[in-house]
Protein chains: 6
Amino acid sequence: MNPRDPRCSGRLQDLARELAADYQSAGGINRAGDAELPSFARVEAVLQDLLTIVFPGYFGGRLGARACLETFVAAKIDAVYDALAEILGGTLAFCAREGVHTPQPLPLAGADAPAAAESLALAYLEGLPGIRGLVRTDVEAALLGDPAATGRDEVILCYPGLLAIAVHRLAHPLHTAGVPIVPRLMSEWAHARTGVDIHPGAQIGPHFFIDHGTGVVVGETTRIGARVKIYQGVTLGALSFKRAPDGSLARGGRRHPTIEDDVTIYANATILGGETVVGRGAVVGGGCWVVASVPAGGRILTHTHADR
Amino acid sequence: MNPRDPRCSGRLQDLARELAADYQSAGGINRAGDAELPSFARVEAVLQDLLTIVFPGYFGGRLGARACLETFVAAKIDAVYDALAEILGGTLAFCAREGVHTPQPLPLAGADAPAAAESLALAYLEGLPGIRGLVRTDVEAALLGDPAATGRDEVILCYPGLLAIAVHRLAHPLHTAGVPIVPRLMSEWAHARTGVDIHPGAQIGPHFFIDHGTGVVVGETTRIGARVKIYQGVTLGALSFKRAPDGSLARGGRRHPTIEDDVTIYANATILGGETVVGRGAVVGGGCWVVASVPAGGRILTHTHADR
Amino acid sequence: MNPRDPRCSGRLQDLARELAADYQSAGGINRAGDAELPSFARVEAVLQDLLTIVFPGYFGGRLGARACLETFVAAKIDAVYDALAEILGGTLAFCAREGVHTPQPLPLAGADAPAAAESLALAYLEGLPGIRGLVRTDVEAALLGDPAATGRDEVILCYPGLLAIAVHRLAHPLHTAGVPIVPRLMSEWAHARTGVDIHPGAQIGPHFFIDHGTGVVVGETTRIGARVKIYQGVTLGALSFKRAPDGSLARGGRRHPTIEDDVTIYANATILGGETVVGRGAVVGGGCWVVASVPAGGRILTHTHADR
Amino acid sequence: MNPRDPRCSGRLQDLARELAADYQSAGGINRAGDAELPSFARVEAVLQDLLTIVFPGYFGGRLGARACLETFVAAKIDAVYDALAEILGGTLAFCAREGVHTPQPLPLAGADAPAAAESLALAYLEGLPGIRGLVRTDVEAALLGDPAATGRDEVILCYPGLLAIAVHRLAHPLHTAGVPIVPRLMSEWAHARTGVDIHPGAQIGPHFFIDHGTGVVVGETTRIGARVKIYQGVTLGALSFKRAPDGSLARGGRRHPTIEDDVTIYANATILGGETVVGRGAVVGGGCWVVASVPAGGRILTHTHADR
Amino acid sequence: MNPRDPRCSGRLQDLARELAADYQSAGGINRAGDAELPSFARVEAVLQDLLTIVFPGYFGGRLGARACLETFVAAKIDAVYDALAEILGGTLAFCAREGVHTPQPLPLAGADAPAAAESLALAYLEGLPGIRGLVRTDVEAALLGDPAATGRDEVILCYPGLLAIAVHRLAHPLHTAGVPIVPRLMSEWAHARTGVDIHPGAQIGPHFFIDHGTGVVVGETTRIGARVKIYQGVTLGALSFKRAPDGSLARGGRRHPTIEDDVTIYANATILGGETVVGRGAVVGGGCWVVASVPAGGRILTHTHADR
Amino acid sequence: MNPRDPRCSGRLQDLARELAADYQSAGGINRAGDAELPSFARVEAVLQDLLTIVFPGYFGGRLGARACLETFVAAKIDAVYDALAEILGGTLAFCAREGVHTPQPLPLAGADAPAAAESLALAYLEGLPGIRGLVRTDVEAALLGDPAATGRDEVILCYPGLLAIAVHRLAHPLHTAGVPIVPRLMSEWAHARTGVDIHPGAQIGPHFFIDHGTGVVVGETTRIGARVKIYQGVTLGALSFKRAPDGSLARGGRRHPTIEDDVTIYANATILGGETVVGRGAVVGGGCWVVASVPAGGRILTHTHADR
């Protein structure tokens with residue numbers, strides 16, 4: 001027998017009691033028994049299946065040589081439907097009970113929650129062909145935008161910007177439907193892997209290309225048009241926050257810029273403010289700092305070669 | 001039978017012999033048999049358990065519906081105590097034997113190493129309630145600082161800045177106790193997931209908030225006060241390195257800035273130097289470059305909208 | 001029995017049929033049955049074994065206390081040889097069939113593909129001692145370059161910049177041999193973990209040091225000399241793209257800068273253009289924007305402390 | 001793309017439709033959606049934890065060198081309590097709904113099921129010290145009964161008879177409490193591993209020893225006294241089944257023999273019938289066939305060396 | 001560094017060389033590189049999927065609450081089809097090349113092997129509804145035959161005899177189709193779990209019941225009618241083997257008995273010989289030894305209670 | 001928060017305290033902290049590697065298509081050497097400390113234990129080619145002995161008797177070397193899978209064949225010659241145990257029979273006693289009971305067809 005020093009054991013037991021009491025105290029960061037809170041692992045599993053539906057053969061393991069595509073995708077859809085209805089039902093019940101602030105009213109308030117969660121999941125899944133169509137334009141944009149790309153396969157397998165955009169296209173409809181936390185868990189999954197942080201509330205048009213991507217931040221109320229191209233380190237952010245009369249941050253309203261069609265924004269540029277509009281076809285140079293609107297076709301290029 | 005081409009096999013065997021001999025040569029990057037060297041996987045396992053103790057129900061899987069919180073946390077504490085005592089004992093013995101440079105004297109020099117490692121682990125664990133209290137202030141800071149946050153649950157589950165800070169708060173006391181490598185493995189675990197690189201030596205006050213976070217660098221001798229807010233891409237770094245008379249880098253002294261209470265530093269700003277102090281309540285604008293002190297309440301905002 | 005609502009089921013089956021038909025349509029992003037396409041998981045497994053060969057004892061789990069180094073490395077080499085020959089054979093066949101754009105002619109065109117893939121894998125493996133030698137210089141560079149480093153062990157275990165460089169040194173020879181996609185999967189593996197994005201085409205001399213690393217981008221045709229040191233957020237990129245007469249991007253030629261021996265480039269600096277040369281021993285300050293050449297020994301330091 | 005022959009696919013889809021329709025037909029062996037049916041995997045997980053509580057250090061992995069025994073066993077008990085309450089609640093609800101035949105009335109009929117399942121689980125767990133006490137006598141019996149045994153450790157680690165008895169001692173109280181299926185899943189787990197098939201209804205006294213064990217069968221209504229010893233291939237079975245007036249098997253009553261204290265039964269002997277009593281201290285020889293009672297101290301040894 | 005004693009290492013390397021040379025010597029038990037040889041693990045995976053198709057909800061994990069049965073079974077069928085075609089193609093090619101003795105001519109001799117394997121797999125799968133129908137009669141037989149059975153669910157979950165029969169019903173059609181080794185791997189999977197050893201060649205009618213089962217052996221050319229009931233330890237075996245003029249065992253012909261409809265055979269009875277017929281409705285008592293035919297309705301009961 | 005009923009929790013905590021105290025009481029079945037006790041899982045892992053060395057390609061997963069046999073077997077040998085030295089060192093230290101009864105003196109008494117364990121492991125491994133040679137004769141014996149066998153591959157993959165014999169041949173030399181428990185864990189691993197229980201002390205000649213095997217028991221001091229063939233349910237056991245003057249079982253001496261060359265023993269026969277010799281070429285009929293010697297060439301066939 002190998003008994004541990006009993007005094008030491010006593011100190012550890014006191015510590016356990018202290019922490020357990022703290023977990024049960026009011027307020028704070030205590031969710032030890034809330035089974036309805038969505039978990040990172042379950043949302044990640046759903047997201048992996050969604051990526052497999054969008055990119056079969058690239059994500060999600062190989063298909064057997066004799067596999068039937070329809071059976072394959074039906075099984076994935078079935079799995080996503082079941083898991084997503086479960087997650088949405090739990091999340092919405094949790095948020096209603098806890099009074100979580102949400103950008104719009106919760107979709108299930110006052111309704112039969114499980115059935116409503118199933119309807120929401122079903123409607124979401126029926127949007128997948130449209131999402132796949134949008135992502136296809138993003139693959140084209142990468143192929144056209146980077147001379148180092150050898151083909152669509154390299155773009156899908158190796159471009160973190162494309163992964164971040166695809167996850168955004170999967171997360172955004174959940175945000176639009178009023179679901180809290182779940183689309184944010186999806187966008188953080190992509191952020192952790194790619195360094196690209198796109199809030200699921202951002203509205204982004206087709207043919208979007210992010211090259212390299214590390215450090216890109218796209219805020220919640222950003223609007224991006226078609227055929228926009230941005231590079232690593234670009235921030236599309238808020239200029240300053242308005243405060244309500246009680247001093248708390250005002251949560252509504254546009255805080256982030258509008259980027260119109262065919263704009264290019266080079267590395268580490270920063271564009272801030274809800275009233276800032278970068279007009280159609282404009283170019284923002286690398287490292288530029290933009291807090292007022294840029295007209296269509298404008299070129300912002302203040303950085304020049306430094307004297308020696 | 002499926003024999004491989006014997007000539008090819010011969011070339012691979014020669015290669016194995018060459019590499020094995022190189023592994024055994026003096027100097028260099030050879031640790032093939034050093035069981036005491038701490039491994040990434042073991043430190044990560046401890047860190048996951050520590051995060052579960054700090055955030056039960058958010059990290060570490062769900063509790064069973066009938067689980068007893070005290071038993072749950074006692075088992076986690078027990079597992080951490082055992083693993084941490086093992087890791088610390090091995091690491092300190094390894095560093096003493098190999099003459100690793102450490103910022104302060106190794107805590108176990110000349111002592112009964114296993115017992116000393118257990119004392120160190122026990123003292124560390126008894127600091128957990130205090131760490132949990134600090135992290136609670138960081139959750140509040142995020143909730144107050146970002147209008148897009150819907151509640152504490154989203155902050156804990158989805159904000160990489162909070163994860164980086166929580167890991168720092170867990171790694172810093174090990175650094176302070178003179179343990180090498182182990183706290184750095186913890187901070188790199190967070191860096192890899194969040195893009196936020198905080199050296200475990202940095203001293204950081206309560207209510208710290210990092211938004212988005214990718215690219216943030218906080219150096220070893222940085223001091224940060226209470227209620228400080230920083231954004232993605234901020235560097236709190238060294239201005240230049242002093243050299244000893246023999247040309248080697250001088251390792252002691254303050255190399256990184258002091259950030260006083262209530263300072264806000266916007267995205268991609270860079271603040272350098274051990275004598276640089278950003279005074280209480282100051283604001284450093286996005287992309288600014290600061291290599292001298294800023295007075296209390298000062299505003300550094302050199303970037304303006306570029307002309308068109 | 002728990003039958004699902006048949007109407008709902010019908011809608012999901014229609015969805016499966018729609019997606020399956022789309023997967024089989026011409027063009028686009030359809031690779032459901034292409035077993036030869038290299039997969040992320042298999043390339044990652046090879047890369048892990050390669051890192052174990054380069055850093056035995058640090059990567060790849062502990063050796064048993066009585067393990068024979070030669071047997072250990074022989075088994076790793078055998079596993080890499082088999083898997084790499086498989087991956088290369090499949091990738092090159094796939095790219096030839098699909099007409100993937102590659103920087104140089106595919107090495108197997110017109111040859112006996114499996115045997116050629118084995119030759120390629122064998123030649124690659126025989127370069128490993130040389131790669132290990134180069135990586136050793138990079139470890140030295142980190143140790144000399146960062147006063148916070150406590151020793152080689154910390155550098156190898158905790159410095160993401162070193163990991164990114166080591167992966168580059170493993171990926172670059174495959175790019176040089178004309179293999180598409182596979183070295184890019186390797187460099188993206190490192191990019192996802194470290195935030196450092198080095199294209200496998202870049203040519204980099206010994207004693208290379210990247211500190212912190214998040215946000216670093218090194219383009220395909222970059223050339224870096226010996227003893228170069230760069231910090232987080234540095235971009236070595238293209239200034240603008242040339243277009244062919246038909247409007248498509250011109251894919252050949254130098255697009256990225258040349259960095260000569262002993263250059264230091266501080267955080268968030270941007271150096272662009274295929275004709276830009278930063279001369280021997282030059283220093284580029286943090287956040288600088290460089291689009292023309294810098295003479296040997298030059299210092300680019302336009303950022304100064306902003307007025308208050 | 002690698003499409004499968006569409007005709008083949010069609011035949012497989014027809015097959016799926018045929019089987020799915022059959023699963024939903026009335027009667028038969030269809031439980032596709034009955035989440036309350038106890039599963040083998042969940043019962044096995046509980047059983048593994050119970051064996052770890054009975055034999056800590058032998059089953060269930062090693063304890064950490066500094067583990068606290070009380071925390072260790074508390075965590076196991078907690079896990080068993082939660083899982084067992086879940087399984088019992090589901091099983092009893094399922095059996096009540098499906099009208100499963102059970103030896104006695106279901107314990108939860110008409111009660112608040114989840115609370116009743118928790119009471120049942122709690123009462124069961126409080127019997128564990130008594131079970132451990134009984135198993136200790138079985139270890140002693142093996143040590144005394146087999147000259148090849150080197151010690152208690154070998155008996156616990158290597159004697160399948162002991163494993164079968166220990167599982168019986170864990171399953172029997174659940175059977176006694178009126179729980180169907182769950183104790184039978186436990187006894188079949190032991191049967192599959194050891195070849196020893198003891199129905200959880202059998203009543204068995206202390207100091208029970210089964211040597212080798214393969215092929216042993218002990219029927220539902222068997223009663224076995226103290227210090228009984230049996231060998232491989234022994235059957236304690238039913239002589240013939242009584243039928244009810246409607247021709248169905250009569251399920252109540254004693255069908256299996258009574259074995260009194262201190263009896264030894266050698267290999268492959270068969271003892272049948274509910275009225276058969278093998279008296280205190282009797283010996284039944286190998287391969288004997290016994291269908292009537294044996295007096296106390298009797299010796300049944302009809303097999304002798306055959307003539308040549 | 002922790003080098004092993006080089007002399008010891010040398011002895012182990014000599015041993016490796018000796019064994020490697022032996023693996024490559026002619027004859028014997030050397031299959032190190034024969035990828036086509038069926039493996040236990042792959043056949044087991046297919047068998048698990050087949051059991052899930054036969055018993056959905058009992059085997060193969062739970063279905064999600066909203067799962068579509070048709071999608072579920074279609075995905076299982078697809079997986080089995082792919083894996084089985086792969087295994088059959090490899091096995092038959094291997095056996096043809098190696099000249100394995102098979103009971104009937106190999107089905108693929110001279111044909112397009114992969115296509116023939118797919119046809120074989122497809123025809124096999126189309127027999128699954130029939131197999132499920134037969135197994136349903138076996139469940140009924142167990143329910144009727146054992147007064148201890150509480151219902152169909154217990155029979156399916158807890159009766160090893162039923163598992164052995166179900167696996168036999170899945171293995172037998174492959175044997176009939178002339179496939180070597182694969183059906184034997186299936187029957188040995190069941191033998192290892194249940195102690196019931198039924199050769200896949202045995203022909204067995206509906207409503208078959210094996211109680212307890214450990215030690216049952218049913219030989220290759222056995223024929224069993226409908227509604228037969230057997231208990232643990234029953235052998236249906238060969239009396240003696242005929243030899244060919246060259247002394248080798250004669251492999252064709254009936255070697256095992258015929259058991260007609262409605263026969264009951266009690267525990268440990270042995271019935272031997274290809275000309276032995278146990279007639280309709282006969283009963284063979286426990287432990288009996290039968291080497292000649294028994295007329296319809298006969299009762300073999302030589303064992304009586306031994307004198308004391 | 002989901003707190004459990006505190007009264008219930010209290011009862012579970014009392015239970016944990018009661019069991020923890022019992023674990024620490026003197027005597028009994030307490031090994032919670034004895035890290036040196038060999039574990040089933042570790043011995044099983046070594047045994048799997050040993051079976052892979054004996055049967056490469058059949059056990060232990062497939063070799064890669066380009067794998068080098070010598071590297072493959074060297075890596076397996078290395079792993080076994082390390083693990084076995086570890087297990088033997090721990091086991092022998094444990095047994096010496098605990099005073100475990102062993103058949104012969106422990107090999108390490110008074111010696112440098114780790115080095116002695118390494119010597120023992122090395123000597124054991126050098127016996128592997130001899131073991132492989134013996135097993136090859138057993139494969140031949142099965143092929144010659146069973147007309148249903150289609151070839152060596154089926155014998156190796158599908159015959160549980162061969163698996164049991166191979167494990168015995170691997171366990172026996174450890175028993176001979178005086179190692180307790182470890183060889184018994186190996187033989188029980190085989191017993192659990194095959195129903196064949198061969199004590200590692202039994203001495204068995206070449207060309208041994210066990211058909212079907214379930215229920216076979218071969219005792220510790222059994223001696224079996226060459227070319228012996230036995231069937232399911234055969235017991236080679238002890239007749240009765242001698243007792244020492246103090247009443248304890250006498251542990252030395254021959255207790256089990258001698259079976260000379262070329263003997264065949266049919267199903268369920270029982271042969272008992274240390275002085276019983278079954279002479280060369282004898283045949284023992286199915287179900288026979290033998291407690292005295294049988295002359296060379298004798299035939300024991302008392303069972304005849306019962307009258308009706």
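Two strands count as paired if DSSP finds at least two bridges between them. The model examined here is predicted. In chain B, β3(B) and strand β6, residues 229–231, meet this criterion, with 3 bridges in the parallel sense. Within this pairing, D211(B) stands opposite Y231(B) of β6(B).

The pair belongs to an open sheet of 5 strands in chain B. The strand order is β3-β6-β9-β12-β14, and the pairing is parallel. Strands β3 (209–211) and β14 (299–300) of chain B form the edges. Each has a single partner strand, so one side of each lacks a neighbour in the sheet.

Two relations between copies were examined. In general, two copies of a chain are related by a rotation about an axis and a shift along it.

The contact between chains A and B involves 59 residues of chain A and 50 residues of chain B. On the side of chain A, the elements giving two or more residues are α1 (6–23), α8 (182–194), β7 (235–237) and β13 (289–290). The largest share, 12 residues, comes from α1(A). By class, this side of chain A has 29 nonpolar, 19 polar and 11 charged residues.

Chain E is superposed on chain A by a rotation of 180 degrees, with 0.0 Å of shift along the axis and an RMSD of 0.0 Å. The two copies are thus related as by a two-fold rotation axis. Here 93% of the interface residues of chain E are also interface residues in chain A, so the copies meet through the same surface.

This contact takes 14 residues from chain E and 13 residues from chain A. On the side of chain E, the largest share is 8 residues, and these come from helix α3 (residues 69–98) of chain E. The residues on this side divide into 8 nonpolar, 2 polar and 4 charged.

Technical notes:
Residues are numbered from 1 along each chain as its sequence is written. Chains are lettered from A and ligands numbered from 1 in the order in which they are written. This is a predicted model: local features need pLDDT of at least 70, side-chain atom pairs count only at pLDDT 80 or more; totals for chains, interfaces and linings use all residues. Copies are superposed by least squares on the C-alpha atoms of residues with pLDDT of at least 70 in both. Two residues are in contact if their C-beta atoms, placed from the backbone, lie within 7 Å. Helices (H or I, at least four residues) and strands (E, at least two) are DSSP runs, numbered from the N terminus. Ala, Val, Leu, Ile, Met, Phe, Trp, Tyr, Cys and Pro count as nonpolar, Asp, Glu, Lys and Arg as charged, and the others, Gly among them, as polar.
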